[in-house]
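Please open the model in your viewer and keep the selection tool at hand. This tour moves from one stop to the next, and at each stop there is something to select.

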Amino acid sequence: MADHSALQGKKILVIDDEPDVVTYLGAIIEDNGMTAISARDGAEGIARARSEKPDLITLDISMPEKSGVRMLRELQADPAIASIPVVVVTGLSKDFKGFIHKRRHLDPPDGYIAKPIDEAEVLSVLSRLLG
Amino acid sequence: MSKPISLNDFDKPSEQLTHLELQELMPLPPPYDNVDEHPRWAPLKPQAREKYACSLDDTIAISLPKPQSKEEERELLEKFVSGLRKLLSREDNWSFLQPLLLSLEHCEKCQSCNESCPIYVSSGHNDLYRPTYRSEIFRRLVNKYGKGQKLRAKIKGEDIDLNWTTLSRLAELSYRCTLCRRCAQTCPIGIDNGLITHEIRKLFSQELGIAPKEIHDDGSMLQLKVGSSTGMNPLVVKDNIEFIDEEMEEMTGISIKTPWDKAGADILLIHNAGEIMAWPENPGAFAIILEAAGMSWTLSSDLVGYDGINYGLWYDDVQLARVALKHAEIAKKLGVKKIVIGECGHASKALTVIADRVLVGNSFVRRESAMTLIADIVDSGRLKLDPSRNNFPITLHDPCNLVRLMGVVEPQRRVLRAIAPQFREMEPHGVHNYCCGGGSGFAIMSGHNFNDWRTSVSARMKFKQILEAFSDCMDPSVKKYVCAPCSNCKGAIRDLLAYYDAWEKSSINYGGLVELVVNAMPEIKEPFIEWEWH
């Protein structure tokens, strides 16, 4: 059994428009001793990131109103929250990673979680970034 | 040496009908002629062998689960027979029945087609991969289980038993052909074994729900639900294109802002959406060319409108119709004069000659390949072009769909002759060219060890052609470019070159046509072709 004790007490902001994903990710986070806060869209996500200063943000790419791609740019453009690690949650094809990594004026996200979400993968990514 | 196999072996249970040894495959030219240096195939994992049908050959394409009970097996066999009869009925298969029957009925078994098949030749002439082998198995099934259909069968021992072995092997075997149609082209009377393969796939998909996951769940269904087979919804695609526009402007100094949903534009450009993420320089180059040439154009952000992919082309008429009709509907809504399909042979064929079968009456809308549009722009002199900026060896891959199957042969050559002083043809080329090995969905199918099979077998002839085209400049100090104006082909060629380390060893890179056009524009600040592996 993997040791996730380093994750205890960390605050994770889940930005996703799908309530089921927010619930599921939230459950994984809370079950492992972390605190989950959430936002349903990009605008709310930016606001909560600024006000709550989470230890890590999970960011859905395919959201209505504002895509996760745009959100990633805005997060990185704000010095107050640019240093928060961002994990992109995506059902996009594997080429998306390559696309994001090659962009000239964007730092790639700190990690990826593929949809459908797998608990072990989530914990592995969070441990790597916060452990 | 692999044991020869006969048609009579097909319905007999055995662990594996055939096995390929690397030494038996068609030899490659230098410097890739040493088979000991070629990658070894990954064996199928024991869990895969346990769970999925794998008694055909060394790989698995469709991950077909073995039935868990006799009842389940019987149900599959009954569905197959039901599907077979629908395939042969006018009501259920009005779109393709006539050419199917002609091909099933009139084959004279002369075997002329087999030598034209790159998969058969590359396999070392393994009988399983003869186009006629698969078709003849199907004919026997039609004769025995089709109702009211009796085809001429001249081969002795025409009996066949439909059992789980037959069904699972046929399902897999229908994914050992890239539907390239070299067989049909070679046949003295035009028998189309590629069509027969397509219809077999259709039977399995529409009646039994059997199709590769990458094509159905991750392809067709995702496209209809989200907007694109890539999973990009309209917001994501717009943001990604915005990224590309900004970088194009930075690279070229030309102000680019891709128009979206512009009503009344002359052209609705539809890319294979995969280009946007995998090869963003390609849609970027299109934007530069169209803006610089003063064209009136737009992309569409409607669901499906930004993705020319139509996976139904490979295996399912219902999916094919759904997507084609959607494309036409969007074009009409915008009031554009025509749809232009970007560099994708698959999308080009799907939305032109095949969609002709569904876009009838009020659904009709004009459609054109990007090749003729770009050639017209280059011919018109609207762009200043300096060919010396493309002074490196370039060869042209002819995508099957665009060239052999649509006859779009010359425009891309006209462009290359104008902008590429070291352009040389592959042999054979034009309508006689060979498939990239990734056709019919293979380029996106990599489950199990299928990548080994497709790069070693179905793409082998293409690699041979590339190496022969560059035989006079194979030294790695000379950077070389395979121009492949097709997303699917680029994916296959990318995997092929990566498999053999051809970029590191021989400096062979690849890309589309429009990138070369932009590279030749003297006003752009930086070279557009970036000589790095991607």
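Is A:Arg103 buried or exposed? Select this residue before reading on, and bear in mind that the model is a predicted one. A:Arg103 has a relative accessibility of 9%, and because buried means under 20%, A:Arg103 counts as buried.

B:Glu247 belongs to helix α10 (residues 234-252) of chain B, whereas A:Arg103 sits in the loop between α4 (95-101) and β5 of chain A, so the pair joins two chains. B:Glu247 also counts as buried, at 6% relative accessibility. As a general point, side chains of opposite charge can pair when their charged atoms come close.

Next, show chain A by itself and colour it by secondary structure. The C-alpha atoms of chain A fill a box of roughly 40 × 30 × 25 Å along the principal axes. For 131 residues, a compact globule would have a radius of gyration near 14 Å, and the 14 Å of chain A agrees with this. Of the 131 residues in chain A, 46% are buried.

Staying in chain A, select A:Glu18 and A:Lys115, which form a salt bridge with the closest N and O atoms 3.3 Å apart. This pair links distant parts of the chain, for A:Glu18 is in the loop between β1 (11-15) and α1 (19-31) and A:Lys115 is in the loop between β5 (111-114) and α5, 97 residues apart. A:Glu18 is partly exposed, with a relative accessible area of 36%, and A:Lys115 is likewise partly exposed, at 27%.

Then turn to the surface and select A:Glu30, A:Asp31, A:Asp118 and A:Glu119, which gather there in a patch of negative charge. A:Glu119 is found in helix α5 (residues 119-130) and is partly exposed, with a relative accessible area of 35%.

For the last stop, go to chain B and select B:Glu410 with B:Arg417, a salt bridge whose closest N and O atoms are 2.1 Å apart. B:Glu410 counts as partly exposed, at 35% relative accessibility. Finally, select A:Arg104, B:Glu250, B:Glu526 and B:Glu530, which are joined into one network by salt bridges that share partners.

Technical notes: Residues are numbered from 1 along each chain as its sequence is written. Chains are lettered from A and ligands numbered from 1 in the order in which they are written. This is a predicted model: local features need pLDDT of at least 70, side-chain atom pairs count only at pLDDT 80 or more; totals for chains, interfaces and linings use all residues. Side-chain values use heavy atoms; hydrogens and water are left out. Patches are made of residues with over 30% relative accessible area and no salt bridge: like charges are joined within 9 Å, nonpolar side chains (Val, Leu, Ile, Met, Phe, Trp, Tyr) within 5 Å. Accessible areas come from the Shrake-Rupley method with a 1.4 Å probe; for residues, only the protein chains shown count as cover. A salt bridge is a side-chain nitrogen of Lys or Arg within 4 Å of a carboxyl oxygen of Asp or Glu. Lys and Arg count as positive and Asp and Glu as negative; His and the chain ends are not counted. The place of a charge is taken as NZ of Lys, CZ of Arg, CG of Asp or CD of Glu. Helices (H or I, at least four residues) and strands (E, at least two) are DSSP runs, numbered from the N terminus. Buried means under 20% relative accessible area, exposed over 50%, partly exposed in between (1.4 Å probe, protein chains only). The radius of gyration is taken over C-alpha atoms; the globule rule is 2.2 Å times the number of residues to the power 0.38.
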